[in-house]
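Dear colleague,

Please read them with the coordinates open beside you.

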Amino acid sequence: MPSESQDQTAIRYDASLAADIETRWQTYWDEHQTNKAPNPGDPGFDATKPKYYCLDMFPYPSGAGLHVGHPEGYTATDIICRYKKMTGHNVLHPMGWDAFGLPAEQYAIATGVHPEVTTKAAIDNFRRQLKRFGFCYDWTREFGTIDTDYYKWTQWIFLKIYNSWFDVDADNGNGKARPIEELIADLESGARKAKLNPNAAEYTGAGDLPDGTDAGNWQTLDRETKKAIIDSYRLAYLSQQTVNWCPKLGTALANEEVINGLSERGSFPVHRKPLRQWMFRITSYADRLLDGLKDLDWPSSTKTQQAEWIGRSVGAEIDFPILDRDAEEMGEALRVFTTRPDTIFGATYMVVAPEHPLVEFALDMAPQGLDAKALTEYVEITRDRSDIQRQENKEKTGVYLGIHVRNPVTGKPVQVWTSDYVLMGYGTGAIMAVPGQDQRDWDFAKAFDLPIIRTVEPPKDFKGDAYTGTGPAINSSFLDGLSVEEAKPKIIDWLLENKSGASKVNYKLRDWLFSRQRYWGEPFPIVFDEWQNHYPIAEDQLPVELPPLTDYAPVESNEPQPLLAKAEDWVNVTAGEVGIANFGGFEADKPMKRETNTMPGWAGSCWYYLRYCDNKNSNKLIGDDAQSYWMGDGGVDLYIGGNEHAVLHLLYARFWHKALHDLNIVDSPEPFRKLFHQGMITSMAYQREDKTLVPRDEVLQWTIADGMYVAELIYDNSIIFKQPSLPKELDWLIAELEVISSAITDCTDIEKIRPVQEVVAKMSKSLKNVINPDDVIAEYGADTFRLYEMYMGPLEAGKPWSTRDIIGLQRLLQKIWRLTTNEDATISISDTADDQTEKNLHRLIAKAGADIEKLSFNTAIAAIFEFVNKANPLTKGQLDRFVRVLSPFVPHLAEELWAKLGNPPCVAHADWPTYEESMLIDDEIEIPVQVMGKLRSKITLPKDADNKTMEAAALADEKIIVFLDGKQVRKVIVVPGRLVNIVAN
């Protein structure tokens with residue numbers, strides 16, 4: 001235990017004493033590795049105990065450090081982990097760092113400081129801050145995603161996925177990943193047709209329909225054709241994708257990183273541009289990702305978000321043959337996906353996205369009727385608009401391509417248009433427009449005078465435009481009279497029979513774009529030959545380490561030039577150097593080039609929970625025993641993090657995990673058994689009338705006789721005043737120039753004073769409303785801080801930070817200190833037990849344990865308040881049990897009191913105290929007494945008191961006697977154990 005004499009500590013529990021107690025015990029825990037969790041086979045591992053794997057979403061270590069919102073979830077997991085240890089579990093509670101990211105790279109570009117330097121400095125600061133809270137992390141398991149012995153295994157997983165394919169027929173039709181060698185064996189033996197993967201997104205609209213043609217005998221195909229077929233099945237593949245390209249940042253951005261056509265970071269222009277990118281075929285897992293949700297103990301809102309993101313819809317893919325100038329079929333078809341194939345008789349025109357290959361085809365073909373200049377200008381205008389902007393656009397715009405396709409059921413030619421309301425990212429990027437049954441199509445048809453044919457009969461009183469309801473089919477030949485549900489399978493059968501289409505399940509979920517044109521990220525373990533064919537490097541050549549760079553600035557260009565391309569010595573290798581000399585008959589000195597894109601930040605965070613289980617293993621991603629014990633068949637037992645990760649991170653992690661499960665690397669089908677989202681801790685900010693927010697240091701507050709005013713001072717369209725006082729009116733301001741002349745250069749040119757309103761908002765560096773936990777701990781102590789964040793309200797609820805409210809929690813700890821500690825700093829012990837205190841202690845033990853299990857920490861702390869407020873001096877046995885209850889919530893103070901009791905460290909190793917059920921039952925109950933139905937008093941009686949006893953006690957109550965003075969009791973109504981009502985007048 002700490003060597004300092006306990007009687008040298010201060011008498012009063014204040015910030016100084018708290019700091020002394022907390023830092024001493026934190027040092028002790030570090031030196032003795034109190035929170036280390038041994039693995040199966042390690043010394044000290046107890047295989048008889050059940051496991052509990054509790055995980056925080058690990059943080060990105062920014063240079064700004066933690067703010068008071070970060071520790072909320074960390075404190076919650078700390079409490080539950082300490083409790084689980086005391087209830088006999090082996091607890092795994094690790095912490096690490098999601099350390100690759102664009103901010104460090106941008107800082108390197110601005111300063112020339114290597115991202116690793118700034119990132120490691122940020123990690124050191126985060127670690128210091130977290131340790132100051134006393135969290136019971138097993139720091140021996142710490143790592144960052146930037147560590148080479150970590151991202152070696154990230155690259156290894158990429159190779160496993162790259163060398164896998166999704167067999168839709170495996171596992172009784174549920175589908176699963178299999179090694180690519182098994183696909184090749186099937187193709188070579190003839191067990192599988194040699195054809196492009198019909199589900200390959202990169203061949204949307206070009207691959208075979210499920211019952212279509214094959215490429216012929218595998219043995220007779222050339223190498224390029226074989227490679228194209230194999231690559232069309234790989235779970236990791238290269239594809240030309242339209243991305244958000246930011247020339248200034250030199251990288252492609254995700255949709256959520258683009259706001260109104262500008263990059264979220266830096267507000268630089270962003271353009272839509274086709275780019276060759278690595279993709280993951282996550283859509284192959286869409287059904288399994290959807291079906292797996294039902295067995296997870298996750299918030300229903302999160303499961304709904306994931307289901308909507310996946311967006312499963314059932315319909316058909318239909319081929320519309322493209323016609324030449326002579327109205328003859330060219331042998332190529334425009335493929336569309338529709339959820340309403342029954343409306344095909346009303347498809348009077350087609351619309352493709354501006355990015356669709358048919359647009360380029362039209363420009364090359366130059367058919368009669370095409371205005372090439374108008375089409376080119378339209379594509380230029382629309383390509384840089386985000387999908388959201390295009391969907392929100394109410395005005396229907398478009399250009400006729402001069403091309404016709406044939407409607408396969410009517411045989412009639414229909415025009416093909418391009419319009420921005422069709423997105424390349426959904427279906428095939430083309431639609432059959434049925435204006436009679438779709439309002440957007442109706443609006444477009446009206447705008448360009450295109451034909452409208454209804455295919456579903458609307459009700460007689462229908463007076464709208466497009467009819468989207470149900471009814472009998474009309475104008476639809478052999479479908480006429482059928483309901484929508486009857487017509488769908490019939491038309492699909494016809495399409496199959498005539499080789500014009502097939503049933504198809506489609507998803508809003510798109511394949512996962514996995515390339516970034518950045519330096520600070522995991523390199524791909526891939527090389528290319530001179531023909532741009534890609535090859536995986538040998539596993540024994542991992543990790544592929546980032547090369548050192550001195551110039552981090554992206555080449556500002558409309559043509560992507562990844563930063564890694566600057567490291568020419570690193571890029572240019574030979575087949576022998578990367579371990580593929582024997583692959584495909586290459587000579588060892590054959591020149592190769594490394595992939596110069598890097599993986600996104602998502603990569604390392606997709607699987608980090610697995611590495612925590614066995615982070616020192618240099619031979620395997622995770623050892624079999626560690627994986628089997630800590631992950632079991634259900635994965636992580638509790639995962640806590642913000643709901644901003646409800647979709648992407650969690651969906652990507654589930655995809656990686658399912659692929660690893662299919663390849664027999666992990667046993668559990670899902671990574672996270674139980675998920676919990678902590679609410680956001682907010683702070684005050686200021687809002688303009690247009691709802692935009694203003695940084696705190698750009699807002700002025702002042703008080704005059706008629707109240708408090710808050711405003712933003714504008715000068716020459718710039719905010720110039722950043723001081724905490726300002727008058728209300730401009731005239732008043734000018735009259736008081738002497739007061740604020742030091743802050744304003746030329747006050748006579750002030751443009752206006754714009755009032756703002758104080759609101760609750762997310763803590764943000766840009767809003768200058770971040771509260772540093774270091775400051776709070778310095779003023780109140782870490783134990784007080786922990787209690788306050790857990791007492792603010794339900795863990796899942798959002799709540800505003802209020803420093804003035806934290807004082808109440810500090811006073812609680814002061815009261816506990818006075819209850820348990822004498823003036824000379826020795827332990828305060830009573831020789832005799834107070835019966836009511838004993839009963840209250842049993843109730844506290846039961847309440848706190850049950851609430852911790854439910855993550856209802858605020859109510860558990862309320863129970864501690866109640867116990868302390870009612871407690872008389874405690875015996876040694878009572879104090880022993882009370883300290884154990886305190887331990888998960890205020891571990892430092894509990895450890896100090898535990899030591900004062902003469903116990904060996906640490907209280908974290910003690911058992912959770914037991915309680916007696918009989919102590920939870922009241923011998924007496926409080927009975928309300930009413931007169932004429934109105935509550936007039938309350939009486940306390942034995943819980944088994946009979947009716948006569950209840951009536952006599954009520955009539956003998958002093959308050960009732962006074963109230964009944966001068967009245968005659970007519971009747972006394974007794975509800976046993978609940979109520980006495982006296983009828984008197």
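A residue is called buried here when its relative accessible area is under 20%, and exposed when that value is over 50%. Please keep in mind that this is a predicted model.

By that cut-off F867 counts as buried, because its relative accessibility is 3%, and F882 is likewise buried, since its value is 0%. These two residues form an aromatic pair of the tilted kind, with 5.1 Å from centre to centre and 40° between the planes. The pair links distant parts of the chain, given that F867 belongs to helix α26 (residues 857–870) while F882 belongs to helix α27 (residues 876–886), 15 residues apart.

Across the whole structure there are 60 aromatic pairs. Another of them joins F133 and F135, whose rings are stacked, with centres 5.1 Å apart and an angle of 5° between the planes. Both partners fall under the cut-off for burial: F133 is buried because its relative accessible area is 1%, and F135 counts as buried because its relative accessibility is 4%.

Two contacts between an arginine and a tyrosine ring also deserve a line. R234 lies over the face of Y162, at a distance of 4.2 Å from the ring centre, and the charged end of R281 is placed over the ring of Y237, 3.9 Å from the centre of that ring.

Definitions and conventions:
Residues numbered from 1 in each chain as written. Predicted model: local features only at pLDDT ≥ 70, side-chain atom pairs only at ≥ 80, totals over all residues. Heavy atoms only, no water. Phe/Tyr/Trp six-rings, centres within 6.5 Å; stacked < 30°, edge-to-face > 60°. Buried < 20%, exposed > 50% of the residue type's maximum accessible area, 1.4 Å probe, protein only. Helix = DSSP H or I, 4+ residues; strand = E, 2+ residues; numbered from the N terminus. Lys NZ or Arg CZ within 6 Å of the ring centre and 35° of its normal.
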